[in-house]
Every structure is written in structure tokens, then in C-alpha cells.
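Hi,

Here's the structure I promised to pass on. Have a look at it first, then read my notes below.

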Amino acid sequence: MKAVFPDLPKSQSALEMTNSTCNLTDYMVLNDAEKVAIATICLLIAPFALLANILVLVVIGCSSHLRQHPSYLFMGSLALADTVACCVFTTIFLNFHLLNPDNCSDEYLLKLGGLTMASTSSMGSLLLMAVDRYYVIFKAYKYNVLKRKRVVVGTVTLWAVAFFIAFLPLMGWRCLNGQSCSKLFPYVHRYYLGFWAILVLVVLVLILAAYGIIVWKAHRHDANMDAEHPGNARMRVDIRLAKTFSFILLILLVCWLPILSYMMADVVSEQISKLHRKVFTFCCLLCLINSGINPLLYTLRCRELQAALASLLSGLRRWKGWCWSNTSPIT
């Protein structure tokens, strides 16, 4: 157990030993042209992703009706996680690859922990939303008695677990020799990276299973309806759900599987080539893209949220008109 969770450095010499195990120049794999490309992509995607998620948070926060609905609390959790991820990812990513990397392991692990916490909470929120959709469609009688307090407790628990997992390296699960260090992230233990990658993969599998069960139950329901009313022409619910969920899952897998594959390769491989490290660096941008897609895919498409946004904008226009009409002209 001590080999996996080594004691925290208790002296300056121990901290210097931790810093010396990672040669940061080995992680600086981008040339000048690639740095420009990385910076351009980040600065194009990050503002849009940040504004979209903040918009979702503002609309849910300003609507008392949406705040009482469990589904929108989960959506708010997702938007909050993606907001934090956008800010921390852009800061740590550009600082490390374009500016001077952090020579202090604790400072780097603190920033990386913030990103890991946001990413873990984002994936957890997506899982809660998948389970929520199952109950909305097939367990409405139970869903209607679901207390808001339970939803809040569940969401807070998710964030607490994500916080604990994210800051394990800062609490001691870091590399103390060259062979235990990740080839993708400085100061990070290879086994911790594998642990987190497996955790995210398990969450992805559970999300796939939840949506698969929803489509399967919808297919059974439609088959029974067709058997009872063979002459009725209607839109198949299972086909519509299958198309929607397939698109959602495709986006999720495209954004996450590449980096998770590289993380698992880092655990089982002794060496990772410089080319593969460059590819991994660009694959990390898919996480930023995912944070920008999530509000469009899960929240802003909802009619209730669109109506709340329209009501909010209408209220702002009325307030602006009132302020304008009560402003005395300067004579």
C-alpha cells in the first residue's frame, strides 16, 4: 500500500527529490507551429464553450421552476463542471505548452486536480442524466415523488467524490521515481492515471447501458402497441430515441476514447514516442470541444429551458425599457 500511496514529502529535500524525478523538457513536445495551432484552437473554442455553459447556469439559476426540477439540477451540475473545465483546461494547457511549465510539483498537481475534478464531475453528471431520463420515461410514478433534497444530496456527493479522486496525487499518490512517472503528465503516477482512465471507462459503459436499456424498453413498448393496433400509422418512439441517443453516444465516445486509450497505453508501455505524445496533446483538445458541445446537446435543446431563456431575455428588455423611460434627458 505504501508503494502506491507514498507518504507526503515532509521536507524541502523530499520535495526537491519529487521534482527531480520528472524532466519537464521531456513533456515539451510541440514545435513553434504546433504551439500556434494549439493556442488558436483553444482561444477559438474556449470562449464559446465558457459562454454557453455560463448561459445555462444563468437561465437555470434565474428560473425557480427549473430549479425545482431534478433533470435541470443535473444539467446545472454538468454546466458547472464544464465551466470549471473550460477555465482550468485553457489555463493549464496554454501555460504548460506555450509558456513556462510549473517547476513545483504541488502547484502543477493542484491545477491538474481542478481539471480532473471538473472532468470527473462532468462524466458523473452525464451518468446521472442518463439514469434520470430512464426514470422520466419508464418510472414516472416514482420520478414524480423524487424529492429535490435527494437530488441535491446526490449531486453534492458526486462532487465530493470527484474532489477526493482528483486530489489523490496532491495527497500523496504521485511518482517518486522515473519508472513510476507517467509519460504523458509530469509528477503523476502511472497507476493513478490508469485508475482514473478505468473509472471514466466504467462510467462510459454505464451511460451506454442506461441508454441501451431505454431504447430496448421503448422498442418492446412499440412492438406491443403495433401488435395491439396493427393498422395505426405512427412514429416509432424507439427509432427516434435510438437516433438521438446514438448521436449523443457518438459524440461522447469520439471525445473521450482517444485520450483514454493513450492513458491506458501509458500504463502498460515502458516508452511512448514523441509523435504519440504530440497526438495525445491534440487529442486533449477534444475534451474542450466536448465541454462546448454538452450545453448544446443536453440543455439548450430543451423546450422548457428555451422558454425560460426567452422569458429572461424578455424581462431584461422590459427592464432596459423601464430604465430608459425613467432616465431624465440632460438639458
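Let's start with a quick one: does Phe195 count as buried, exposed or partly exposed? With a relative accessibility of 34%, Phe195 is partly exposed. Here buried means under 20% relative accessible area, exposed means over 50%, and partly exposed is in between (1.4 Å probe, protein chains only).

Before going on: this is a predicted model, where local features need pLDDT of at least 70, side-chain atom pairs count only at pLDDT 80 or more, and totals for chains, interfaces and linings use all residues. Residues are numbered from 1 along each chain as its sequence is written, and side-chain values use heavy atoms, leaving out hydrogens and water.

Now the rings. There are 10 aromatic pairs in the structure. Rings of Phe, Tyr and Trp (its six-membered ring) pair if their centres lie within 6.5 Å; planes under 30 degrees apart are stacked, over 60 edge-to-face, and the rest tilted.

Trp173 is in the loop between helix H8 (168-171) and helix H9 (190-228), while Phe195 is in helix H9, so the pair ties together parts 22 residues apart in sequence. (Helices are DSSP runs of H or I, at least four residues, numbered from the N terminus.) Trp173 is buried, at 7% relative accessible area.

Trp196 and Trp256 make another tilted pair, with 6.2 Å between centres and 50° between planes. Trp196 belongs to helix H9 and Trp256 to helix H10 (residues 237-268), so parts 60 residues apart in sequence are tied together. Trp196 is buried at 7%, and Trp256 is buried at 3%.

Finally, look for Phe96, Tyr108 and Tyr187, which ring pairs link into a cluster.

Cheers

Notes
Helices (H or I, at least four residues) and strands (E, at least two) are DSSP runs, numbered from the N terminus.
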